[in-house]
Amino acid sequence: MEENPLKLVEQYIIETDVNVFLTGKAGTGKTTFLHKLLKECPKRLVVAAPTGVAAINARGVTLHSLFQLPFGPFVPGSSYSSEKKWARFSRDKRNLIKNLDLLIIDEISMVRADLLDSVDNTLKKVRRSDKPFGGVQLLMIGDLYQLPPVIKPDEQQLLKEHYATPYFFSSTALRKKDLRVFELTKVYRQEDESFITILNQIRNNSLRPEMLKQLNNRVLP
C-alpha cells in the first residue's frame, strides 16, 4: 500500500460505491482531505458526525439531527426498527436522503455499532431499498486511538447480545458490504522527527525511558 494513498482514496470515493474507512494518527491529513473532497467530489453528499463539536469541525451536521434519531440504543429487530419515524421528515429532508450518493461520517471512532445500524435502517426506509444503507456509499474518517463510543452500563448489557463490540465496525449493516481501509502514515503537522517519535510512542503506550527523559528536560519549574 502507498505510504499516503490519498489519490487512491479519492478514486475509490469518486469512481466506485465501495465503503471506505480512512484512518491515521493526528496530523496525517484526514481533515485536509475531507475539505478538499467537499470542493471537488461530483457526488451528492452530506457530512455528519456523532457530536455537535465534531460536526462543526467537519462543516456538517450531527447524525442524530440528520436522521432524526433518538438518543437511546437501537436494538436490531426491536419495535423501533419498524416504526415510521422517518415519515415525519420534511419534504426537503426526504428528497435530500433519496438523492444522496455519499454519506461522510467524521470522527467515526465515537460512532456506536447500533447508531450506524440505526442510520442504515432509516436510509433503507426513506429510499425504499433493501441494500445496505439504502445503497448510499459511506466514507468514514477517524482514528480508533482517539475517543471511543460512549455507552452506559445498562446499554452495554443490552447491546452486547447483538454486537461483538460497541465500535462502528461491529455494525451488522457495515459487514454486509465491502469495506476498504486506508491508513495515512505521514505526519504533516510536525517536522521534528524526534518529537514525532515521542508522540508515536505515547500514542502506542510504549514510551522509552530516553524519550521520557527528553520530555522531562523541557519542564520549566
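Select helices α8 and α9, which cross in a left-handed way (left-handed: the near helix is turned anticlockwise from the far one by less than a right angle; right-handed: clockwise). Helix α8 covers residues 193-203 and helix α9 covers residues 209-216; helices are DSSP runs of H or I with at least four residues, strands are runs of E with at least two, and both are numbered from the N terminus. This model is predicted, so local features need pLDDT of at least 70 and side-chain atom pairs pLDDT 80 or more, while totals for chains, interfaces and linings use all residues. Residues are numbered from 1 along each chain as its sequence is written, and side-chain values use heavy atoms, without hydrogens or water.

**Stop: α8 and α9**

The angle between α8 and α9 is about 115 degrees, and their axes lie 10 Å apart (axes are lines fitted to C-alpha atoms over the stretch in contact; angles run from 0 to 180 degrees between N-to-C directions). The two helices are therefore roughly perpendicular (65 to 115 degrees; under 35 is roughly parallel, over 145 roughly antiparallel, the rest oblique). Show the side chains of Ser194, Thr197, Ile198, Gln201 and Ile202 on α8, then those of Met211, Gln214 and Leu215 on α9: these residues make the contact (heavy atoms within 4.5 Å). Sorted by class, this contact of α8 with α9 holds four nonpolar residues, four polar ones and no charged ones (nonpolar: Ala, Val, Leu, Ile, Met, Phe, Trp, Tyr, Cys and Pro; charged: Asp, Glu, Lys and Arg; polar: the others, Gly among them).

**Stop: α1 and α2**

Now select α1, residues 6-15, together with α2, residues 30-40. Here the packing angle is about 40 degrees and the axes are 12 Å apart. That angle makes α1 oblique to α2. The crossing of α1 with α2 is right-handed. On the α1 side, colour Leu6, Val9, Glu10 and Ile13; on the α2 side, colour Phe33, Lys36, Leu37 and Glu40. Five of the residues in this contact of α1 with α2 are nonpolar, three are charged and none is polar.

Stay on α1 and pick Ile14. Which residues does Ile14 touch, leaving out those up to four places away in sequence? Cys41, Pro42 and Lys43 are the ones in contact with Ile14. From C-alpha to C-alpha, Ile14 and Cys41 are 6.6 Å apart, although 27 residues separate them in sequence. Ile14 counts as partly exposed because its relative accessibility is 29% (buried is under 20% relative accessible area, exposed over 50%, partly exposed in between; 1.4 Å probe, protein chains only).

**Stop: two loop residues**

Most residues other than glycine have a negative phi. Select Arg59, whose phi is positive, near 60 degrees. Arg59 sits in the loop that joins α3 (52-57) and β3 (61-62). Is Arg59 buried or exposed? With a relative accessibility of 56%, Arg59 counts as exposed.

Move to Glu107, in the loop between β4 (102-106) and α6 (113-127). Glu107 also has a positive phi, of about 55 degrees, and is not a glycine. Its relative accessibility is 25%, so Glu107 counts as partly exposed.

**Stop: the whole chain**

Zoom out to see nine helices and six strands. Along its principal axes, the C-alpha trace spans about 60 × 45 × 30 Å. Of the 221 residues, 44% are buried. Among contacts with a separation of 6 or more, 74% join residues 24 or more positions apart.
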